[in-house]
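This report covers packing in one protein chain.

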Amino acid sequence: MTKTEQIILGMISSAGQSKALAFDALKKVKTGEYDEARKLLDEARKADLEAHKVQTELIQAELNGSEDKPEIGLLMVHAQDHYMTSQLARDLIEELINVFEAKEEK
């Protein structure tokens with residue numbers, strides 16, 4: 001496995017962790033544990049930032065023509081897909097938490 005492939009797998013791992021934490025946060029909403037849900041979302045955001053950092057490094061390597069320039073292959077597309085869906089899941093779940101919490105406060 002190349003260094004670039006290992007880096008890309010790290011991006012997939014961070015994005016997957018973020019998505020899992022976001023869905024754990026949504027489960028907390030079912031039991032009204034909004035503070036815990038928000039803590040989990042904060043953790044998800046941190047994992048997303050790790051994926052974003054890797055993505056930025058890969059983009060910079062490509063723009064600079066570096067030896068570590070990533071090939072556009074299925075692994076890279078897969079990593080981007082994981083990262084984008086983790087962001088969407090986190091953002092959507094955060095909004096769902098806001099909606100449910102607001103309804104409960106009425």
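Which residues does Ser-18 touch, not counting residues up to four places away in sequence? In this predicted model, Ser-18 touches Ala-44, Ala-47, Asp-48, Ser-86 and Arg-90. Ser-18 is placed in helix 1, which covers residues 3-30. With a relative accessible area of 0%, Ser-18 counts as buried, because buried means under 20%.

One of the contacts of Ser-18, Ala-44, also belongs to the largest nonpolar core, which has 11 residues in all. Among the other members are Leu-21, Ala-22, Leu-40 and Ile-93. At least two residues of this core come from each of helix 1, helix 2 (34-64) and helix 3 (74-105). Helix 2 gives the most, with five residues.

Ile-97 is another member of this core. Leaving out residues up to four places away in sequence, Ile-97 touches Ala-25, Val-29, Tyr-34, Ala-37, Arg-38 and Leu-41. A second, separate core includes Ile-8, Met-11, Ala-15 and Tyr-83.

| Core | Size | Members include |
|---|---|---|
| Largest nonpolar core | 11 residues | Ala-25, Val-29, Tyr-34 and Ile-97 |
| Second, separate core | 10 residues | Ile-8, Met-11, Ala-15 and Tyr-83 |

In soluble globular proteins, nonpolar side chains tend to be buried together.

On the surface, Ile-72, Leu-74 and Val-77 form a nonpolar patch, and together they have about 360 Å² of accessible area. Val-77 lies in helix 3. Val-77 counts as partly exposed because its relative accessibility is 47%, and that class lies between 20% and 50%.

Key. Residues are numbered from 1 along each chain as its sequence is written. This is a predicted model: local features need pLDDT of at least 70, side-chain atom pairs count only at pLDDT 80 or more; totals for chains, interfaces and linings use all residues. Side-chain values use heavy atoms; hydrogens and water are left out. Helices (H or I, at least four residues) and strands (E, at least two) are DSSP runs, numbered from the N terminus. Buried means under 20% relative accessible area, exposed over 50%, partly exposed in between (1.4 Å probe, protein chains only). Contact means heavy atoms within 4.5 Å. A nonpolar core is a set of buried Ala, Val, Leu, Ile, Met, Phe, Trp, Tyr and Cys residues joined through side-chain atoms within 4.5 Å. Patches are made of residues with over 30% relative accessible area and no salt bridge: like charges are joined within 9 Å, nonpolar side chains (Val, Leu, Ile, Met, Phe, Trp, Tyr) within 5 Å. Accessible areas come from the Shrake-Rupley method with a 1.4 Å probe; for residues, only the protein chains shown count as cover. A salt bridge is a side-chain nitrogen of Lys or Arg within 4 Å of a carboxyl oxygen of Asp or Glu.
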